[in-house]
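Please keep the sequence and the model at hand while reading.

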Amino acid sequence: MAPRSFILALLSLLLTQSESAPQAFRREPGHPQWHHGAFHDVRDTIRSDVRRMLHSRAEVPFQVPLEVNVVLIGFSGDGGYRYTIDVHRLEQFLRTSFPSHRPSCLETGELLDIEHHLVYNAFPAGQPELIALEKALKEAMVPAGKAREAINGYSLHSLEMVSKFIYNFQSEFGREVPLFEVEATAVEPVFQKLYSYIFDMDSVGSSVTEMDRPVSSAIFIVNFDKVRIDPRNKEIDLDSLMYGKLPELTEEDLKKQEGDYIYRYRYDGGGATQVWLGSGRFVVIDLSAGPCTYGKIEAEEGSVSSRTLPRLRNVMHLSSTTSYQSSDDIFLGQLASLVSTTVEHVIAPDVRFETVDLTSRLLIPIIVLQNHNRYNIMEKGHNYSINIEEIEAEVKNLLHDGQEVVIIGGVHSLHRHEKLAIAVSKAMRGHSLQETKNDGRFHVHTKTYLDGAILKEEMERSADVLAAGLLEVADPSLSSKYFLRQNWMDESEGSTDSILKHKPLWASYNSKHGKKRKKKVKKQGDLQPTYGTRVVPVFVLSLADVDPNLMMEDESMVWTSNDVVIVLEHQNEKIPLSYVSETYRRHAFPSQAQRHILAGLASVVGGLSAPYEKASHVHERPVVNWLWAAGSHPFGPFSNTSHISQMLRDVALRNSIYARVDSVLRKIRETSETVQAFAAEYLKTPLGEPIKGKKEKSTTELWLEKFYKKTTNLPEPFPHELVDRLEKYLDGLEEQLVEMSSLLYDHRLQDAFLNSSDILQSTMFTQQYVDHVLATETDNMRCCKIEYKYPVHSSQTYIYGGILIAGFVVYFVVIFFSSPVR
């Protein structure tokens with residue numbers, strides 16, 4: 001009995017000690033709370049903008065509120081330099097400086113009819129969470145040699161500052177200090193735990209379908225104490241500081257806050273960075289790390305240097321010479337600019353391809369075209385192998401519920417497809433390149449690359465045939481579901497043609513009312529995807545005995561358009577690129593095609609643009625900013641992962657909705673222009689006066705009303721059915737768009753997706769109806785018609801011919817007998 005009681009007492013003691021041990025992420029009264037309810041404040045503004053957009057034909061973009069949550073870690077007097085930020089001032093500055101953001105389409109360069117009304121929430125993280133992150137970071141640091149320290153940011157306002165700058169430049173610039181590297185995926189779970197703690201996401205899943213509540217995107221801005229996280233310092237017990245009071249820093253301690261070392265992140269072995277995109281719905285900006293330098297050699301655009309991100313070291317030096325308030329304002333402005341860049345490139349980036357896709361099935365055939373028999377990249381177990389299951393899992397995350405995706409793969413010998421082999425040969429291009437060598441001189445050499453546009457033209461013609469063959473082998477039951485087999489050069493358009501069963505309803509709407517028949521176009525082949533099926537072929541060119549440095553254009557291994565992906569693969573060594581990270585060149589690995597296939601499919605299927613690209617209307621081309629080139633995404637030379645973060649998945653789901661809404665608004669404007677053109681041509685008297693309509697008018701001021709002017713009493717040519725139907729349609733569309741904005745704000749993407757599909761289909765029907773009614777009224781208002789008929793042969797022709805012949809006979813008889821000789 002005594003031993004049992006002793007064991008129970010020991011267990012209770014251990015349990016008490018474990019409960020009393022300092023723990024982070026513990027929900028207590030007063031911990032940071034996320035408030036989601038800003039849509040009620042902007043609902044009336046959104047409704048007013050929608051009404052003005054629909055009823056006055058004003059080009060007002062569709063307003064969608066978007067929450068941006070800025071989590072400040074180590075800015076409550078508990079991080080580096082014990083620096084403190086007023087979160088309310090930061091929120092106010094963000095609202096004033098960057099109130100909205102309107103994305104563009106990289107393919108067309110045009111602005112979308114979508115504008116984000118940015119709602120900012122800024123709040124600090126607690127000291128226990130800061131210490132927990134510092135502990136995880138300290139354990140993940142790995143020595144990586146030496147690095148040179150950079151000193152910048154001084155404001156030379158006085159002679160004293162000039163002398164101080166020269167002294168520091170001579171004594172510290174270029175000084176070698178120990179370098180540590182941190183694998184970002186090792187500390188990412190702790191950041192994910194912080195995200196779950198702040199936004200109360202512990203009990204819900206990570207996918208949108210598992211959530212019945214709003215989710216949020218977060219920007220973690222971090223200010224670690226480099227003295228505490230110094231891996232060489234074994235004396236500091238971080239657990240004791242979790243809930244304890246932090247010591248004040250003396251002037252001497254402030255000078256040592258940099259710790260005399262540098263640490264950097266690498267996400268999955270990618271480029272060195274101090275900002276990275278996590279696999280969840282957050283990004284990390286560590287102002288204590290670095291500074292890091294990366295970008296393109298001999299190109300200033302988008303390069304990241306030691307001056308790109310603000311550093312508290314410079315702020316503290318600046319505050320010693322100027323007022324603390326001015327230095328604080330400068331730092332606040334730099335942080336706000338950094339937040340706006342993150343919104344434009346990661347949270348709400350531009351759309352790569354704006355595809356209005358109403359299909360429910362997606363077929364992705366991965367067609368490997370190889371000119372050798374040395375290896376097969378479809379075989380599993382090799383470093384160069386393609387994992388179709390992983391690609392399919394990533395692509396499914398880019399699609400909404402109810403959309404089916406099938407990915408099949410197969411290998412074809414390039415020499416058996418003569419036209420494709422010729423296309424590959426024609427696509428070989430070369431251009432001159434000037435590079436600076438170690439001797440400091442420019443050296444000119446020719447670089448060979450593959451032109452994707454030439455390949456696309458020929459490969460599109462063969463995509464359906466090759467894809468159907470692969471599908472027949474992989475799963476014969478799916479072949480008839482995804483493809484229709486027809487006779488070669490079949491020109492029949494009668495009702496017996498099986499493809500009519502798969503046409504959308506609005507495609508045949510005109511055939512019931514219009515009098516014109518479309519010109520017959522020959523079908524180029526005996527295969528056609530069924531209605532409801534979208535085919536996105538992925539061509540992988542597995543080539544041997546080619547230039548060791550062969551790539552596609554723009555130093556990439558992938559080329560995409562809005563309906564095809566082309567990837568280059570060969571078994572040569574790594575290819576040096578014209579991109580540099582710190583003092584080392586980045587390299588491309590041509591044997592690993594998995595990441596490039598996923599990058600191409602993310603752009604084509606999800607409309608994702610690379611986080612470093614953005615459309616510039618000033619430059620009239622996409623511009624780059626390499627700040628967000630590293631992280632959980634497959635794009636660019638500084639990334640090294642084959643996974644897409646949850647934040648970019650949400651962007652892809654929103655892109656499909658935005659494409660539908662943008663198409664709806666453009667169709668409404670087209671319908672309005674059609675009505676306006678009809679009114680300008682027919683709603684006038686012969687003297688040019690506008691026509692007045694009847695007095696029975698609706699009180700709603702629609703954009704049609706402006707065409708009725710009270711100057712004459714002639715009848716109006718618009719039928720009341722058209723006016724009433726347009727009134728009801730626009731009123732209903734107004735409610736749907738306001739509801740759509742609410743769904744997008746609450747992150748109910750599946751409901752918003754279904755809503756956008758209904759809106760798009762009803763808009764198509766309405767546009768078809770308006771075109772038909774206006775065409776009918778145009779025919780009715782014509783003053784005359786010209787009809788062309790073939791001549792009809794009758795007996796009158798012979799009568800007139802006989803009379804003509806008889807006239808000639810009488811004429812010659814009279815002339816003959818009236819001659820004087822006779």
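## Basis of the description

This is a predicted model, in which local features need pLDDT of at least 70 and side-chain atom pairs count only at pLDDT 80 or more, while totals for chains, interfaces and linings use all residues. Residues are numbered from 1 along each chain as its sequence is written, and side-chain values use heavy atoms, with hydrogens and water left out.

## Overall make-up

The chain contains 19 helices and 26 strands. Helices (H or I, at least four residues) and strands (E, at least two) are DSSP runs numbered from the N terminus. Of the 822 residues in the chain, 51% are buried. Buried means under 20% relative accessible area, exposed means over 50%, and partly exposed lies in between, with a 1.4 Å probe and protein chains only. The accessible surface of the chain is about 41,400 Å², and carbon and sulfur atoms hold 53% of that surface. Accessible areas come from the Shrake-Rupley method with a 1.4 Å probe, and for residues only the protein chains shown count as cover.

Contact means heavy atoms within 4.5 Å. Among contacts in the chain with a separation of 6 or more, 76% involve residues 24 or more positions apart.

## Salt bridges

A salt bridge is a side-chain nitrogen of Lys or Arg within 4 Å of a carboxyl oxygen of Asp or Glu. The count by this rule is 32 salt bridges. Three of these pairs are set out here.

| Pair | N to O distance |
|---|---|
| Arg 47 and Glu 734 | 3.8 Å |
| Glu 134 and Arg 228 | 2.8 Å |
| Arg 666 and Asp 662 | 2.8 Å |

The side chains of Arg 47 and Glu 734 form a salt bridge. Arg 47 belongs to helix 2 (residues 39-55) and Glu 734 to helix 17 (residues 720-745), so this pair ties together parts that are 687 residues apart in sequence. Arg 47 is partly exposed at 24% relative accessibility, whereas Glu 734 is buried at 2%.

Glu 134 and Arg 228 also form a salt bridge. Glu 134 lies in helix 4 (residues 127-140), and Arg 228 lies in the loop between strand 6 (218-222) and helix 7 (251-255), so the pair ties together parts that are 94 residues apart in sequence. Both Glu 134 and Arg 228 are buried.

Arg 666 and Asp 662 are 4 residues apart in helix 16 (residues 646-682), a separation of about one helical turn. Arg 666 is partly exposed, with a relative accessible area of 29%, while Asp 662 is buried at 1%. Elsewhere, salt bridges with shared partners join Arg 47, Arg 51, Glu 734 and Glu 735 into one network.

## Cavities

A cavity is a set of points, on a 1 Å grid over the protein atoms alone, where a 1.4 Å probe fits but cannot get out, and its lining residues have an atom within 4 Å of a point. Grid points are joined across faces, edges and corners, and a volume is the space filled by probe spheres set on the points. The whole structure has 8 cavities of 30 Å³ or more.

The largest cavity holds about 240 Å³ of space. It is lined by 25 residues, and those closest to its centre are Asp 357, Leu 399, Arg 534, Val 605 and Ser 656. Strand 12 (361-370), helix 15 (594-606) and helix 16 each contribute at least two residues to the lining of the largest cavity. Helix 16 provides the largest share of this lining, 5 residues. The lining of the largest cavity comprises 10 nonpolar, 9 polar and 6 charged residues. Here Ala, Val, Leu, Ile, Met, Phe, Trp, Tyr, Cys and Pro count as nonpolar, Asp, Glu, Lys and Arg as charged, and the others, Gly among them, as polar.

The second largest cavity has a volume of about 160 Å³. Among its 16 lining residues, Leu 66, Glu 67, Val 215, Arg 654 and His 747 lie nearest its centre. Strand 1 (62-73), helix 16 and helix 17 each supply at least two residues of the lining of the second largest cavity, and strand 1 gives the most, with 4 residues. The lining of the second largest cavity divides into 8 nonpolar, 4 polar and 4 charged residues.

## Ser 645

Ser 645 is placed in the loop between strand 26 (621-624) and helix 16. Ser 645 is buried, with a relative accessible area of 0%. Leaving aside neighbours within four places in sequence, Ser 645 is in contact with Leu 277, Gly 278, Ser 279, Gly 280 and Ser 632. The C-alpha atoms of Ser 645 and Leu 277 are 7.5 Å apart, although the two residues are 368 residues apart along the chain.

How values were computed
On a 1 Å grid over the protein atoms alone, a cavity is a set of points where a 1.4 Å probe fits but cannot get out, and a pocket is an open set with protein on both sides within 12 Å along at least five of seven lines; lining residues have an atom within 4 Å of a point.
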